[in-house]
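Q: I am new to this structure and would like to go through some of its features. Could we take them one at a time?
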Amino acid sequence: MKRKTDNWPKRDILASKLRFDTKNPRFQHEVEGSLSQKQIHDRLMKDFDAIELSEQMRSDGFHSSEILIVLKEGDVFVVLDGNRRLAAFRHAHTLGWIPNSRNTLPVTVAPSREEADKVIIVKHVGALKKNWTTPNQLNKLREIVSRSPGKTIKEIVEKYPSLGSEKAVTRSLLDLEIYNLLIKSDWLNSDDKGKVMKRGINMIHRFYTSKLGKKYFNLNDLSYPFEKNRLHGIINGRESQHIVRDYIVRRTSAQIKAPEIEDIFRFLFDKPNKPKKKIAQAEKRATDRKNLIPAGCRMVVKHGRVSDIYLELRDCIQVNEAPNAVAALFRIFMELSLDYYIEKNFLLNKKSAYASIKQKISLVTGYMEERGVAKTEDLKNVRRVGSEKNSYLGVEVFNEYMHSLKTNPEPSDLKTKWDNLEGFFEILWSDVS
């Protein structure tokens, strides 16, 4: 079968007459085509394995089976496909690795950028996609669409059938739009942006433009060209920031399957609209129970040791018979619960790993309130633990249970403390479950 390029002129052109394409989709999402020729060369050598390719040319020579596709612009030729090979060739030739005194490369001259794209997208975007990462492929889609003003996605797909269906192209463009908004956001630090740029597109698709994502982010009626103000508001919203920080940036090494994503969405979007469980008040709870924790309490404590302590306090140790043991375990349960929550949400660095329980309470409650996991009312009693020195809920009293020769824990006081803190613990363990 005859290929599209068979009728295009073939030439040997001096490498000095060739120019890197400033619209190369490998860089377009970062710099919008503003890199100089030297900067493009250096980036290709450093970040896109052109050095390894030049070393291969040293031993095997330049393979002409896939010649460069170029477009004549004035006195020079812009390389539309083969920029990496051009960079590798120049590097190898400069070092004398390729015996080519004329410094020429075989090229085929495309009649237009549009005609060249029909070939290039088959190689890099369609079923034969090669070398380009997902963002590179999507940037090529965006460039093609931007060069077709007034045309619908349907008309563009008819012209470039290798792009895929109209629905797939629209979804891909939405993926890219979200991706670009994220790497330009002011709430992600440079390290996290780098992680999103490196591996975030697939996770972005799962969370934002999959069937579930569109439903929860209310994107079902969003069509191309997208309403940027509306999209900007969604991407910079609290729920979006939580998803990016906790699931795209920190968990991209592990695949998150649809059922888990659905649970995440349900927690982020449905839970805040439901009335939070109020902190249990002492006067509304029976204090004649035998154990510290009421038998009806059914928290899911996912850490092994912390779960054992929880079950011992609920089912095993009777507070009237062993108040000192119960008091000590209560204090341990509280701090280990905070530690587990802090670790799961990456709230402390190594330098601050030895924070006091007051600092931990402040850190956890602030994070919960900021994300909408709990309301101020829900956190009132646990904040008293960290802030009120003379309160019966204050941490100093818990510490005295452990270290004072004079303080004797009273069973009724311990049960009252639990009743006032149970709601906080339920919110904490629900959030990390």
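Q: Is Phe330 buried or exposed?
A: This is a predicted model. In it, Phe330 counts as buried, because its relative accessibility is 0%, and buried means under 20%.

Q: How many aromatic pairs are there?
A: The count comes to 14 aromatic pairs. In one of them, the ring centres of Phe330 and Phe398 are 5.2 Å apart and the planes stand at 85°, so this pair is edge-to-face.

Q: Where do Phe330 and Phe398 lie?
A: Phe330 is in helix 16 (residues 323–344) and Phe398 is in helix 19 (residues 395–403), so the pair ties together parts that are 68 residues apart in sequence. Phe398 also counts as buried, at 0% relative accessibility.

Q: What about the rings of Phe333 and Phe425?
A: Their centres are 5.1 Å apart with the planes at 65°, so this pair is edge-to-face. Phe333 belongs to helix 16 and Phe425 to helix 20 (residues 411–432), so parts 92 residues apart in sequence are tied together. Phe333 and Phe425 are both buried.

Q: Which residues form the aromatic cluster?
A: One aromatic cluster is formed by Tyr310, Phe330, Phe333, Phe398, Trp418, Phe424 and Phe425.

Q: Changing topic, which residues gather in a patch of positive charge?
A: Arg11, Lys17, Arg19 and Lys72 do so, on the surface.

Q: And where is Lys72?
A: Lys72 lies in strand 3, which spans residues 68–73. Its relative accessible area is 45%, so Lys72 is partly exposed.

How values were computed: Residues numbered from 1 in each chain as written. Predicted model: local features only at pLDDT ≥ 70, side-chain atom pairs only at ≥ 80, totals over all residues. Heavy atoms only, no water. Patch = residues over 30% accessible without salt bridge, like charges linked within 9 Å, V, L, I, M, F, W, Y side chains within 5 Å. Areas by Shrake-Rupley, 256 points an atom, 1.4 Å probe, with all protein chains shown as cover. Salt bridge = Lys/Arg side-chain N within 4 Å of Asp/Glu carboxyl O. Lys, Arg positive; Asp, Glu negative; His and termini not counted. Charge placed at Lys NZ, Arg CZ, Asp CG, Glu CD. Helix = DSSP H or I, 4+ residues; strand = E, 2+ residues; numbered from the N terminus. Buried < 20%, exposed > 50% of the residue type's maximum accessible area, 1.4 Å probe, protein only. Phe/Tyr/Trp six-rings, centres within 6.5 Å; stacked < 30°, edge-to-face > 60°.
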